[in-house]
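Reader: I would like to learn how to read the packing of helices in a model. Please start with the terms and then go to the case.

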Amino acid sequence: MSVSVTFGEDDLTEQASETAGRLVSEGVPQSLAAGDPTLWGPEAAPEAAVRLGWLNLPLTSRPLLGEIGELVEWARAEGLDHVVLAGMGGSSLAPEVITGSADVPLTVLDTTDPGQVRRALEDRLESTLLVVASKSGGTVETDSHRRIYEKAFRDAGIDPARRIVVITDPGSPLELSAREAGYRVVLADPNVGGRYSALTAFGLVPSALAGADVERLLDDAAEVLPLLSRSEGNPGLDLGAALGAAAVAGRDKLVIEDGLSEISGLPDWIEQLIAESTGKSGRGILPVVGADPGDADDELLAGIDTDGVVTVAGPLGAQFLVWEYATAVAGRVLGIDPFNQPNVAESKENTAKLLDRSELPVGTPILVDGPVEVHGELPPGMEAPKNLSDVLTGLLEAIPSDGYLAVMAYLDREAAFDAPYPEGASFEEMTDVWSAADPATLRGMLAVRTERPVTFGWGPRFLHSTGQYHKGGPQNGVFLQITGAVENDLEVPGKPYTLGRLQLAQALGDLGALASRGRPAVRLHLTDRAAGVAHLLAASREV
Ligand SMILES: O=P(O)(O)OC[C@H]1O[C@H](O)[C@H](O)[C@@H](O)[C@@H]1O
């Protein structure tokens, strides 16, 4: 089964077909199929020359299946039934979707929250297989997870070499250290960037270890591959032309829904692909995930196997390839380089500098409201707030008419599930309890109070995704960061910082990068996390 791209609106059909026609007259489908790196201009060409390998992955990844099969057999023979994946952005988002859609369990560590990492560590360590996935081999979060697990395994009398599999690019520092340590290493295709790597070892190895059928993904992607060199009936070209043309015409907020889909969580993967690929040079498409479509003129609704203004229907393996192709095409229409991420490094550098200091510059709160401290830059001209509710109202009012509010929570993504519920509670009652303890609930509560899009991201996960767009895209965002007190911190073995300190330094580093652009950027610090979330949700209720 292949992928279909359909439009539910005449204006968009017209714009897309006009743009696709222009791209065809410029020979884009043929050039892309041939791997021409000059399609995004001379400045982008050197990077594009080593970033187009994803175009052929349905074929070039096939030889990996044998190696994957052996790994799966080894893990089974060793009785390793808890697969933990340490990887950021492109090194974990695809496995999360693949295993979610296949309904097989995978614990993803893309956090520096000590509580969340501790929860994973305390879960079946005896039978845990840790997959350490990093293309560059130098990502601080992933490096920290590896160090923490190595120590935990050793402390439990387990040889880490029997429990760790590494996925990385050939020649990375991680490859070298992993070989020295005697770990199993799977090398990835170096000609594919992180966010285009779903069908490389990064997507396939952890997913297969967790029990997903990855051959099927390649089969489904292989079916759509021949369509991608066509001028007509090319779903990647049609989708890319639509996304690009809509954005150029001012519809640059992409609400992505997968309500009825059997595919679970693809919008989160698309979010990284589109935000990091297009959000630069003051331009870009802002993906909005987990939101109901609004009435704003600049919104475009994309439905995955469910009706949207653009509907993309088809199996997961083929969807990966079509969205990658479409993103590359939209990049050309927007006139940006879809393969770099020039502004991601900035927050990382800020964080590294902060970690060198003896004390983190947390500053003095502008306001304290119960368990919530307010720090940072309030929107210019805003009246001095009396309480948290005023702060939230001020931020909502400061969103420009073409802008958005980004909520970024550097907290434990799973803590809400620890909230106590009454004995004998129905599933519905339990869900209510969880959602009342979940910081992500804030997104919807604020969204009903504004016409503008509200996004939500877990830090530091989003730094490897929408973080690029926040800093490199159009400068019309308003930023609300949430951090929390750490009760039970975790040492990062061999490093002078704890996970909690790293997490806070990441938040402060990004806040600094946003504030330096003159954007309103407020940090709410929860001095008691559970009470703080409850207080924040109460304050966010419409008045
Ligand atoms: O796989 P790694 O080298 O560890 O990189 C993981 C992620 O980190 C970076 O911040 C990039 O912006 C992402 O595109 C990438 O997916």
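Author: Axes are lines fitted to C-alpha atoms, for helices over the stretch in contact, and the angles between N-to-C directions run from 0 to 180 degrees. Two packed helices are described by the angle between their axes and by the distance between the axes. In this predicted model, α13 and α14 (residues 316-334) pack at about 25 degrees, with axes 10 Å apart.

Reader: How far should the coordinates be trusted?

Author: Where pLDDT is low, predicted coordinates should not be read in detail. Here the protein chain has an average pLDDT of 97, and 100% of the residues score at least 70. For the complex, the predictor gives an ipTM of 0.99 and a pTM of 0.98.

Reader: Are α13 and α14 roughly parallel or roughly perpendicular to each other?

Author: Angles under 35 degrees count as roughly parallel. At about 25 degrees, α13 and α14 are therefore roughly parallel to each other. Their crossing is right-handed.

Reader: Which residues of α13 and α14 meet?

Author: From α13 there are L266, I270, L273, I274, S277 and T278, and they meet Q319, W323, E324, T327, A330, G331 and L334 of α14. Sorted by class, this contact of α13 with α14 has 7 nonpolar, 5 polar and 1 charged residues.

Reader: At what angle do α12 and α14 pack?

Author: The angle between α12 and α14 is about 40 degrees, and their axes are 7 Å apart. That makes α12 oblique to α14. The crossing of α12 and α14 is right-handed. On the α12 side, the residues in the contact include P235, L239, L243 and V248, while those of α14 include V322, Y325, V329 and V333. By class, the contact of α12 with α14 has 16 nonpolar, 4 polar and no charged residues.

Reader: How do α1 and α12 pack?

Author: Helix α1 (residues 10-25) and helix α12 (residues 235-248) pack at an angle of about 110 degrees, and 8 Å separates their axes. The two helices α1 and α12 are therefore roughly perpendicular to each other. α1 passes α12 in a right-handed crossing. L12, Q15, A16, T19, A20 and L23 of α1 make the contact with residues of α12, among them L237, D238 and A241. The contact of α1 with α12 has 9 nonpolar, 3 polar and 1 charged residues by class.

Reader: Which domains does the assignment give for the protein chain?

Author: The assignment gives domain 1 (8-49 + 230-334), domain 2 (58-218) and domain 3 (344-540). Between the C-alpha centres of domain 1 and domain 3 the distance is 29 Å. In the contact between these two, 20 residues of domain 1 touch 19 residues of domain 3. On the domain 1 side, α13 (266-278) and β8 (286-289) are the elements that give two or more residues. α13 gives the most to this side, with 4 residues. By class, the side of domain 1 that touches domain 3 has 5 nonpolar, 7 polar and 8 charged residues.

Reader: What should I look for in the backbone?

Author: Most residues other than glycine have a negative phi, and most peptide bonds are trans. D103, in the loop between α6 (93-102) and β3 (107-109), has a positive phi near 60 degrees. The peptide bond from G459 to P460 is cis, with omega near 0 degrees. P460 is placed in the loop between β14 (454-458) and α19 (466-472).

Definitions and conventions: Residues numbered from 1 in each chain as written. Predicted model: local features only at pLDDT ≥ 70, side-chain atom pairs only at ≥ 80, totals over all residues. Parallel < 35°, antiparallel > 145°, perpendicular 65-115°, else oblique. Left-handed = near helix turned anticlockwise from the far one by under 90°. Contact = placed C-beta atoms within 7 Å. Nonpolar A, V, L, I, M, F, W, Y, C, P; charged D, E, K, R; others polar. Domains from an automatic or database assignment. pLDDT = per-residue confidence, 0-100.
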